[in-house]
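I opened my notebook to jot down what I looked up here. Short notes, one topic at a time.

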Amino acid sequence: FFFGPPAMLRLLVMAALTVGALGHGAIVSPRSRNSIDYLVGVNVPEHWLGDRDCTNITGGPCNNGQAAFWYSQGCFIGCPLCDHLSGRRQVDLCGLGANATLDPRLRTVNLDAPAGSELDIYRHNPWRAPGTAPVADACGLAGGTPWPQEVAEAGVYTTTKFAHHGMRGTALPPMDTGVRWRVGGEAEVTWQVENNHGGGYSYR
């Protein structure tokens, strides 16, 4: 499913595995640890204006740090590892013949292409077979790659005292928001999509 930027939803909270997502986005309310740079007033990477119009659950500005810029790329279904380079390639990257398992009705982009055909160019991307693509880190990599250099395809991150390009999100300190989610309960959240490349999302 797809949430517009930003979107409100109510969801059933359940134990879930993280699945690959094709796009830059982040939960806004409650905060994730990836938003930590808001504490030093850095709410978007340099020269990136997209987050500035985001609003949170109160209607105020998001000030969500650089949360939308923690991600993995080059991570395709059936592959053992991410190559960190091939974020926009639409191929069976590792040549292992993995096929999409997702019900075609749950596709979020290129909906008119016959599922599995040559026109179904996103059939190798993570959302098409949830749980079968690798991730570089459960909380993403700052700037989307493990290297300190900035790269193409929005692979940017402004260094702060908390984080730098290439850092693993799991190395960030936990951020206690005071929110406690209960298995089987409902929670109200705000989600922002920064760049919509399609894909799906799960909460955990």
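**Notebook: burial and disulfides**

I started with threonine 190, which I found in strand 5, residues 186–196. The model I'm working from is predicted. Threonine 190 has a relative accessible area of 1%, so under the 20% cut-off it counts as buried.

Next up was histidine 124. I located it in the loop between strand 3 (70–71) and strand 4 (141–142). Buried or exposed? Histidine 124 is buried, at 11% relative accessible area. Leaving out residues up to four places away in sequence, I listed what histidine 124 touches: Phe76, Ile77, Gln90, Val91, Asp92 and Ala98.

Then I went for the cysteines. How many disulfides are there in the whole structure? My search turned up 2.

Cysteine 75 is buried at 6%, and cysteine 82 is buried at 12%.

Another disulfide joins cysteine 79 to cysteine 94, S to S 2.3 Å. The torsion about its S-S bond is about -100°, so I noted it as left-handed. Both cysteine 79 and cysteine 94 lie in the loop between strand 3 and strand 4, so the pair ties together parts 15 residues apart in sequence. Cysteine 79 is buried at 7%, while cysteine 94 is partly exposed at 30%.

Last, I looked at cysteine 139: partly exposed, with 22% relative accessible area.

Note on methods
Residues numbered from 1 in each chain as written. Predicted model: local features only at pLDDT ≥ 70, side-chain atom pairs only at ≥ 80, totals over all residues. Heavy atoms only, no water. Helix = DSSP H or I, 4+ residues; strand = E, 2+ residues; numbered from the N terminus. Buried < 20%, exposed > 50% of the residue type's maximum accessible area, 1.4 Å probe, protein only. Contact = heavy atoms within 4.5 Å. Disulfide = S-S within 2.5 Å.
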